[in-house]
Amino acid sequence: MRHPTEGVLRRLLDEPAGVADTDREHIGGCDVCVRELAVVRDDADVVQAVLATEVGVTADVDLAAAWRRLTTAAAASGPARVRAAAPRAGRLRATLRRPVVAGVAAAAIVVGAGAAAAGGWVQIFRTERIAPVSISAIDLNALPDLSAYGDVVVTGDPNVHPVLDAAAAEAETGLDLPEVATLPRGVSGEPEYQVGGEVSATFTFSEERTARAAAEAGEELPPPPPGLDGSQVRLVAGPGVAEVWEHGTGVPTLVVGRAVAPTAYSSLPDGVSFETLRSYLLSLPNLPEAVAAPLRTFNAGSSTFPVPVPAGQVTTSTTTVHGQPATVLATQDRSMAAVMWVEDGVVTVVAGALDTDEVISVAEGLR
Amino acid sequence: MEVVQHPRPAAAAVPPTLAGVAGGRDVRADLDEVFRCHYQLVVGVAARVLGSRDQAEDVAQDVFLSFGRSSVPLGEARGWLSVAAAHTALNLIRSRRRRVSREGIVAADGDAVVSDVAEAVVTAEERSRVRTALARLPRQQAVALVLRHSGLSYAEVAAALALSPGSVGTTVRRAESALRKELNRHASSD
C-alpha cells in the first residue's frame, strides 16, 4: 500500500474521524509514516504557536465599542445606513399581536410624570399591583378605536431596537436589568437585548364626535355631564427593556422585561372628575370591550393596573415573587406562561414558552 | 502607539468571488446578529496574519462593513467573513502599509509573556519573518492556513475556498512546511 499523503497526515492531527480507517491503520503500523507524522505535528505546533501570539488578547475584545464604531462608520459612508433594528422591531410587533404578550405589553405602559406635571396634569393612578382583565380574544385583537369619541394623539417613537449588551440597555433606559440566575431547561445561549423609548398617547374627549357616532349607530347618546367636552387622559409608554432568548427558529423561549410601572394622568375641566369621565364613557353604546373592560377596573385612587387577557384562552392565578404579590398567566394549552409583579414602581415580567413553575422559578432567581 | 488608519477595503481587499456583492446598497438587517456571533473570530483571523490586535480590529471593521452591504447568505457568513479577513490582512502586509517596527511595539505592550527585553525582540523578529513569509505564500495556502488555525473545520475551510475537503490538509501542510523552513533558515543564520 502506498503511504498516505502529507495532507492525510495533517488531517489526522486535527480531525482523525475525517481520515479513512485504512489510512489510519497503515499509519499506525508504518515507521515511515510515524516519523513523517511527527514532523508534520512539529511543524503544525510551531506555526500554531507563532500565529497565535496575538490571539490570546482577542478574548476580551470590546464588542460594544466595536459595534458603535461600525455603525458610525456605516452611517458616515454614503447612502448605506445601519437599520438592523427594523426586522427585530417587526418581529416584536408581530409578537405583540399575540393576546398574552399584548397583555404583558399593556402592563409596560408608563406615564411621563415630568411632562405631565408641566402641562397641569393631575396624577390619577400609579401602579402598585397588576390584575388581569378577561376580554374576548376578538375584542382584544381589535385595536381599540377611540376616534369615534374624540382625538387620540400619539407622540414619540417607541423605536424598539436591539442593543449590544446589558450595559447598553441599562444606559439607554435607566433601568436596572434583571440578571437570570439559572436558565430553565431548553433555554440556552446569550439573550438579545431590546429597548424601547417613551411614547405618549393623549385622548381628548369630543362631545360632538361622540354624538355623531351614536347617531350613525342609531343609538341615543346619554346626556353628557356639563363641561366634559375637551377632557383629556394621557398615557405615556416606555422606556422599557427586555432580554430575549430565542429558539433557533426565531421564536422567543424566554423574555424577561422590565419597565417603569404605569401611571395615568388627566387634565379635566373644572368640576369634572376622572370618575365622571370614566362613568360616562362606560355608559356609551358600542364602546369597544377592549376599552370598556380595563376602564371598569381602572379606578381613580386605585393602584391596580388592569392587564387585558383573552377570555377562555388564559388562566390566571396569583403568587408572590420576592415577597410581592404577583399575577401568573398561562395559556390553556400550556404553551406559554408569564408572571408579573410590581416592586418600587417598576413592573417586571417573566414570560416564555414555559410552564408556570418555570417562569416563577426564573422570577424568584432574578438578581 | 501609532494608530494605523486603513482605507475602506476596495474590491481587491475581499476575495474576487466576493467583490461583486459588496456595493452601495443599504446595510443588511442581520448585521448586528452576525457581528455579535463572529466579531471575535474575524479579529482572531486578522490578528494571526498581522500580529497586532489593533490592526486586526481595523481589518474587522472593514470586513463587516463589506459584509453589511453584501447579500451573502447568513449560513455562509462565518466562512465569508473569515476569508475576507484573511485576504484583507494579507493585503495589508503585501502592500507594505504596515510598518515593521510596529511588531516590536506591540510585543512590548504586554501581549506576549516574555521574560526579558531581549527575548521580546527575538520573538517580535521571528513573528515578523513568519508574517512576511505568510504574505509570500500562494494566497490560497495562506488563507487556508490561517482559517484552519483560527478554528474553522476542514469542511468549513473547503467550503469557504471552494476546495475539496481532501485537499485542505495538503494545502495547510504545504503552508506550514514553507513557514517552518523560513523560521529554520533564519534560525540557522543567526
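Trainee: How much of chain B counts as buried?
Mentor: Of its 190 residues, 56% count as buried. Buried means under 20% relative accessible area, exposed means over 50%, and partly exposed is in between, with a 1.4 Å probe and protein chains only. Keep in mind that this is a predicted model, where local features need pLDDT of at least 70, side-chain atom pairs count only at pLDDT 80 or more, and totals for chains, interfaces and linings use all residues. Residues are numbered from 1 along each chain as its sequence is written, chains are lettered from A and ligands numbered from 1 in the order in which they are written, and side-chain values use heavy atoms, leaving out hydrogens and water.

Trainee: And what is the buried share in chain A?
Mentor: Chain A has 367 residues, and buried ones make up 44% of them.

Trainee: How many helices and strands are in chain B?
Mentor: Chain B has 9 helices and 0 strands, so its pattern along the sequence is α-α-α-α-α-α-α-α-α. Helices (H or I, at least four residues) and strands (E, at least two) are DSSP runs, numbered from the N terminus. Chain A has 13 helices and 16 strands.

Trainee: Switching topic. Which residues have the most contacts inside the largest nonpolar core?
Mentor: B:F64, B:L81 and B:L134, in a core of 64 residues. Helix α2 of chain B, residues 31-50, gives the largest share of this core, with 12 residues. A nonpolar core here is a set of buried Ala, Val, Leu, Ile, Met, Phe, Trp, Tyr and Cys residues joined through side-chain atoms within 4.5 Å.

Trainee: What does B:L134 touch?
Mentor: Leaving aside neighbours within four places in sequence, B:L134 is in contact with A:L51, B:R48, B:V49, B:L90, B:A142, B:L145, B:V146 and B:L179. Contact means heavy atoms within 4.5 Å. Apart from that core lies another, of 19 residues, including A:L254, A:V321, A:V359 and A:V362.

Trainee: Now charges. How many salt bridges are there over all chains?
Mentor: There are 17. A salt bridge is a side-chain nitrogen of Lys or Arg within 4 Å of a carboxyl oxygen of Asp or Glu.

Trainee: Where does the A:R10 and B:E176 pair cross between chains?
Mentor: From helix α1 of chain A, residues 6-14, to helix α9 of chain B, residues 165-189. The N to O distance is 2.7 Å. A:R10 is buried at 2% relative accessible area, and B:E176 is buried at 0%.

Trainee: Why does the A:D43 and B:R173 pair join two chains?
Mentor: Because A:D43 lies in helix α3 of chain A, residues 31-51, and B:R173 lies in helix α9 of chain B. Their side chains meet at 2.9 Å, N to O, and both residues are buried. A:D43 and B:R173 also belong to a network of salt bridges with A:E6, A:D42 and B:R180.

Trainee: What about A:R212 and A:E208, buried or partly exposed?
Mentor: Partly exposed: A:R212 has 42% relative accessibility and A:E208 has 48%. Their salt bridge is 2.8 Å, N to O. Both lie in helix α10 of chain A, residues 207-216, and are 4 residues apart, about one turn of the helix.

Trainee: Last topic, strand β6 of chain A. Why is it largely enclosed?
Mentor: Because 5 of the 5 residues of β6, residues 192-196, are buried. In a regular strand the side chains alternate between the two faces of the sheet. Here both faces are covered, with A:E192, A:Q194 and A:G196 buried on one side and A:Y193 and A:V195 on the other.

Trainee: Which strands does β6 of chain A run antiparallel to?
Mentor: Strand β5 of chain A, residues 161-163, is joined to β6 by 3 bridges, and strand β9 of chain A, residues 240-246, by 5 bridges. Two strands pair if DSSP finds at least two bridges between them. A:H161 stands opposite A:V195, while A:E192 has A:V244 in β9 as its bridge partner.
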